[in-house]
Amino acid sequence: MCDPDEDWHRRHIKNKKNLQGLPFFKDYRVMFDQIGNEIDAVMIATPDHARFAIAMTAIRHGKHVYAEKPLCHT
């Protein structure tokens with residue numbers, strides 16, 4: 001799991017037992033450096049301006065990438 005807002009993240013997963021104990025990172029670059037060899041694929045759910053850098057980092061590490069489309073009205 002990678003989320004720059006650690007407090008928000010921890011509050012929202014505290015009652016979800018299947019997410020407890022997962023490694024947590026605030027920076028995706030640190031995550032790839034530390035456990036990149038354990039990751040098969042990434043799911044990216046970020047605003048448009050942040051998605052490209054994360055996706056390209058994952059692709060350069062040879063990972064499969066699923067990028068969420070931003071929410072919109074039309």
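**Exercise 1.** State in which order the elements of the protein run from the N terminus on.

*Solution.* Counted from the N terminus, the order of the elements is α-α-β-α-β. This gives three helices and two strands, where helices (H or I, at least four residues) and strands (E, at least two) are DSSP runs, numbered from the N terminus. The C-alpha trace spans about 40 × 30 × 20 Å along its principal axes.

**Exercise 2.** Determine in which helix confidence is lowest and in which it is highest.

*Solution.* This is a predicted model, in which local features need pLDDT of at least 70 and side-chain atom pairs count only at pLDDT 80 or more, while totals for chains, interfaces and linings use all residues. Residues are numbered from 1 along each chain as its sequence is written, and side-chain values use heavy atoms, with hydrogens and water left out. The confidence itself is pLDDT, given by the predictor for each residue from 0 to 100. The protein has a mean pLDDT of 88, with 93% of its residues at 70 or more. Confidence is lowest in helix α1 (residues 6-13), with a mean of 86, and highest in helix α2 (residues 28-35), with 95.

**Exercise 3.** Identify the largest nonpolar core and the element that gives the most to this core.

*Solution.* A nonpolar core is a set of buried Ala, Val, Leu, Ile, Met, Phe, Trp, Tyr and Cys residues joined through side-chain atoms within 4.5 Å. Buried means under 20% relative accessible area, exposed over 50%, and partly exposed in between (1.4 Å probe, protein chains only). Of the 74 residues of the protein, 26% count as buried. The largest core holds 11 residues, among them Phe25, Tyr28, Ile44, Ile54 and Ala55. Two or more residues come from each of α2, β1 (41-44) and α3 (48-60). The most come from α2, which gives four.

**Exercise 4.** Is Ile54 buried or exposed, and which residues does Ile54 touch beyond four places away in sequence?

*Solution.* Ile54 is placed in helix α3. Its relative accessibility is 16%, so Ile54 counts as buried. Leaving out residues up to four places away in sequence, Ile54 touches Tyr28, Ile44 and Thr46; a contact means heavy atoms within 4.5 Å. With the same exclusion, Ala55 touches Ile44 and Val65. Ile54 and Ala67 are 13 residues apart in sequence, and their C-alpha atoms are 9.6 Å apart in space.
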